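Me: I would like to learn how to read strands, sheets and chain contacts. Can we go through them in turn?

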2 protein chains.
Amino acid sequence: MGRFGLTAGPRAEAAQPAVLAPERWLVHRVLERMRRPPVGIRLWNGEEVAAGEAAAVARVVLRDRGALYRLLLDPEFQFGELYSDGRIEVEGDLVALLEEVNRRQLSGGRAAAGLRRGPLNTLSRARANARHHYDIGNAFYRLWLDEAMAYTCAYFPREGLSLEDAQAAKMELVCRKVRLSAGETVVEAGCGWGGLALYMARRYGVRVKAFNVSREQVAFARERAAAEGLIAQVEFIEDDYRNIAGRFDAFVSVGMLEHVGRRHYRELGAVIDRCLSPSGRGLIHTIGRHRPTPVDAWTRARIFPGAYAPSLGEMAGIFEPSGLVVLDVENLRLHYAATLRHWLERFERSRDRVRAMFDERFVRMWRLYLSASIAAFTTGWLQLFQVAFGRVTDNGVPMTREHLYR
Amino acid sequence: MGRFGLTAGPRAEAAQPAVLAPERWLVHRVLERMRRPPVGIRLWNGEEVAAGEAAAVARVVLRDRGALYRLLLDPEFQFGELYSDGRIEVEGDLVALLEEVNRRQLSGGRAAAGLRRGPLNTLSRARANARHHYDIGNAFYRLWLDEAMAYTCAYFPREGLSLEDAQAAKMELVCRKVRLSAGETVVEAGCGWGGLALYMARRYGVRVKAFNVSREQVAFARERAAAEGLIAQVEFIEDDYRNIAGRFDAFVSVGMLEHVGRRHYRELGAVIDRCLSPSGRGLIHTIGRHRPTPVDAWTRARIFPGAYAPSLGEMAGIFEPSGLVVLDVENLRLHYAATLRHWLERFERSRDRVRAMFDERFVRMWRLYLSASIAAFTTGWLQLFQVAFGRVTDNGVPMTREHLYR
């Protein structure tokens, strides 16, 4: 067999200008490797490789020969790069395409073995990682997030809820899970633009210290606290969760664990153990996996450097070494898909403004990231865990979870 | 210093007959090692060692010199042995005494390192273990369990519920968590006396295959199925969970995992993966720990050979290697304390009949086991996890848990 498997390839068709027979054969190998999703491919000369019924969901257009070769060498990383650069185009439903690909990977083999230890997120690295993503500019996020600027999974207890209402429902659910009462103190690790901290102060009359390493987010959050007259109740601190000091009645962290990195879980557990009062309650809300799996190379490089989404077994590494015990886990996977659909729709409505702020490459990169995230949650590729926990010795835990649903 | 620390011991008191000064010193060392619980000790000659306020909760009576020495050499195992033999007596509240001891151990250092791999529960060993405990005789368990003979944690959503109602509430909660609907098929791994299998068939119109290796329990369950006219719907199979064959809409296992042993979790996960339909739901209800901890030597030897109560991190070893994902975890620790209080009260009411069936040693052994279990749950020494799970690809999961509380 020749290097490109000429003799084993499909029989030669009439030669098309600029597409070589081995290239056509390679395209089929790519499709096979992806377990033949219902996706067509159009090559740079207009030639269709898998058309008709087989291409029911979408068509991938490879705009140049180099795109094919790059895709072959490193599909996980290069698909994102080539799509961002416009060298790959997708005609049809991008989310549906990614869902089909995910499904085939999930129903296929087992997870990659030999996970690395995960990123070492030192204090300065953690700050740089956060800035990479969150300091893009508040104006950008304002274009497509809800009014409260919640950039985490919302909660849709009823169909047809607006994004605003679903984000409020999420904040309410978190507050109920940690059983806040007026006058208590709360520490928040990774507070984003401050929406939850302000909600807790406003609705529950608690005092909050909210930590975040993103300068832009903290500045925004402080302005909101001032505008709402909540400065006496909510303090936003531009610092790392590892520098939390003091004792609190509750610890909450919504959407930060993804940036902690699994080799720091024990350290995070020690921070919580140190700052939680004897009857303290806690909650961590995080993207997760059904088993240990690395973040894909493109997302790690372009979207979330230093990120890691843990399995529940890995999260046990936060709680078990300390005197903490898990009281309640809820998997809100499909809520994140619903949240992301809102975001993608708003993003597309604002894409001209995004392009004016940045460029076309940025628009395509973010479209892919949001679309791939929807597909990841709808196919079970990603999970969303809300884990409520407490002290192992605390008998003040309610006997049922009915209070969450009143 | 002499072998018994004579020179470092407390100053000599007036010698009492048959209690040597070094022995008195040893008693103090025992109390210190236990971090001075508010417990008095009376020695075999009537001498009180820690009396007054210090003995607020209970008094431990050591009836002979040998009891002291055995307790020193191997307290974990020997306390149970000596109590069962009547060589240790407890005056006052046995449960409160054990709670005080647990609390001090929990607030002290970390868990023992170097966990062994856990018991190898082969098919024949698993059968022998089950018979050790469950084949004591149905007549015995009838004396103090509820009518449905549920020998697992009940659910007390309201205060003052009877044991019968709380066991029914538990069964209902399990059914709701796995979302049964009429005509579906369920497999139950470790079905005890069949209460849950019959409940599911009766209330939800499902067909159940229920596995159990205890001959006495299976015989009893079959009689009940016949009496209730449910033979066409419920099949009780005297066999190991590893021999489950077929495909089912739901997998439930209430109180069996404790007997599986952690080195068999992956195997259990493979069994579930094999027998669960693509939209199948599952639930495991088990005693657990807040971190990996071995079962104490006495319980392992006398009550539950081959038993192991896992941490949530260890339970991940069931789900993560298969295509299963955790959807919901609820920690019902305090419900087990409430359940056990009912059992202990009923047991004490029947103790004369238990003694007539067995002997005084058996009565004392079971009193200690039930009391120690209450103390373990009230102090956080043990947890009770209900873990609901499903296929990672199943999007039929309800958006909220409200349906559990209607």
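Reply: We can start with a sheet. Two strands pair if DSSP finds at least two bridges between them; strands (E, at least two residues) and helices (H or I, at least four) are DSSP runs, numbered from the N terminus. Here, chain A has an open sheet of 3 strands in the order 1-2-3, with mixed pairing. The model is predicted: local features need pLDDT of at least 70, side-chain atom pairs count only at pLDDT 80 or more, and totals for chains, interfaces and linings use all residues. Residues are numbered from 1 along each chain as its sequence is written, while chains are lettered from A and ligands numbered from 1 in the order in which they are written.

Me: Which are the edge strands?

Reply: Strand 1 (39-42) and strand 3 (88-92) of chain A, as each pairs on one side only.

Me: In which sense do strand 1 and strand 2 of chain A pair?

Reply: They pair in the parallel sense over 4 bridges, strand 2 being residues 58-62. Within strand 2, Arg59(A) is the bridge partner of Gly40(A).

Me: How many residues does the contact take from chain A and from chain B?

Reply: Two residues are in contact if their C-beta atoms, placed from the backbone, lie within 7 Å. Chain A gives 34 residues and chain B gives 34 residues. On the side of chain A that touches chain B, strand 9 of chain A has the largest share, 7 residues.

Me: What does strand 9 of chain A pair with in chain B?

Reply: With strand 9 (residues 324-331) of chain B, in the antiparallel sense over 3 bridges. There, Val329(A) stands opposite Val329(B).
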